[in-house]
Amino acid sequence: MAKGKLGCALQTVKYIVFLINIIFLILALVMISIGALANKSVGGLAALSPPQISIGLIVLGCFVFVISFFGCCGAKFENRPLLWLYCIVVIVLIVCQLSVGLAGYFYRSHLDSWAEKAWVKADNKSRESIQNYFDCCGFQNSTDHPGNKCSNGTSIHPVPGCYKAIVDFLNSKLKLVEIGGITIGCIQIVGLLFSICLACSIHKEKYDTELLKDSRNVIGSYS
């Protein structure tokens, strides 16, 4: 076997690791885009979203992009140090993702109080934008801190408060983040296991190749 040449099974593992990291490069760009757009949410909802979540997504996306690049290079060029570096950083990355997930869970469990405080602190332009987007008025009702341009509707068809629409909207987005985070985490664990397998196997293959070469040299010296 030539030096650095992997067997068929290990070649398969190598390309699986490479493919997984290509997928993560794309997902990293998606995460960065979502984080950037979170600060410019439709209907002025950025005023009701905690900046930690959007900033966390951007930083995490950049981190995933860089480490996925290392993973691609390590698998492509069968570079054992790069693969081990990738494995270590992926473990750290999973811990960071858990932290962001816990922050999202905490935010979701306190969504009602957070939304109300954010609505009170929001400027008039943000309130008007949200009211127009959801066709509502005020927070709980039309007398609860409404925007300047606010229609009360009629006695038969009163305009509802924005509370339910806002909470439902944010809940739906947080559910998508949770589902996406769990999916990405599972793929990362699979990629991590394959990367560890590949890094260990590259070492073994090269060790066996060198051992075979040395054995042939010893045999040749006695010939």
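The protein chain has six helices and zero strands; helices (H or I, at least four residues) and strands (E, at least two) are DSSP runs, numbered from the N terminus. Along the sequence the pattern reads α-α-α-α-α-α. This is a predicted model: local features need pLDDT of at least 70, side-chain atom pairs count only at pLDDT 80 or more, and totals for chains, interfaces and linings use all residues. Residues are numbered from 1 along each chain as its sequence is written, and side-chain values use heavy atoms, with hydrogens and water left out.

Of the 223 residues, 35% count as buried. Buried means under 20% relative accessible area, exposed over 50%, partly exposed in between (1.4 Å probe, protein chains only). Contact means heavy atoms within 4.5 Å. Among contacts with a separation of 6 or more, 71% join residues 24 or more positions apart.

Take helix α1, where Gly35 is found. Gly35 counts as buried because its relative accessibility is 0%. Leaving aside residues up to four places away in sequence, Gly35 touches Ser54, Leu57 and Ile58.

Ser68 lies in helix α2. At 2% relative accessibility, Ser68 counts as buried. With residues up to four places away not counted, Ser68 touches Asn21, Phe24 and Leu25.

Now α3. Its 30 residues should span 44 Å at 1.5 Å a residue, and its end C-alpha atoms are 43 Å apart, which agrees. The expected span is 1.5 Å times one less than the number of residues. At the start of α3, a side-chain oxygen of Asn79 reaches to within 3.0 Å of the backbone nitrogen of Leu82. The buried residues of α3 include Leu83, Tyr86, Val90 and Leu93.

What lines the largest cavity? Asn21, Phe24, Val64, Ile67, Ser68, Tyr86, Val90, Leu93 and Gln188 do. A cavity is a set of points on a 1 Å grid over the protein atoms alone where a 1.4 Å probe fits but cannot get out; lining residues have an atom within 4 Å of a point. The count comes to one cavity of 30 Å³ or more. About 30 Å³ of space lies in the largest cavity. Helices α1 (8-38), α2 (51-76) and α3 (80-109) each supply at least two lining residues.

Conventions
1 Å grid on protein atoms, 1.4 Å probe; cavity = no way out; pocket = protein on both sides within 12 Å on 5 of 7 lines; lining within 4 Å. Points joined across faces, edges and corners; volume = space filled by probe spheres on them. Polar contact = N/O pair within 3.5 Å; in protein donor to acceptor, adjacent residues only side chain to side chain.
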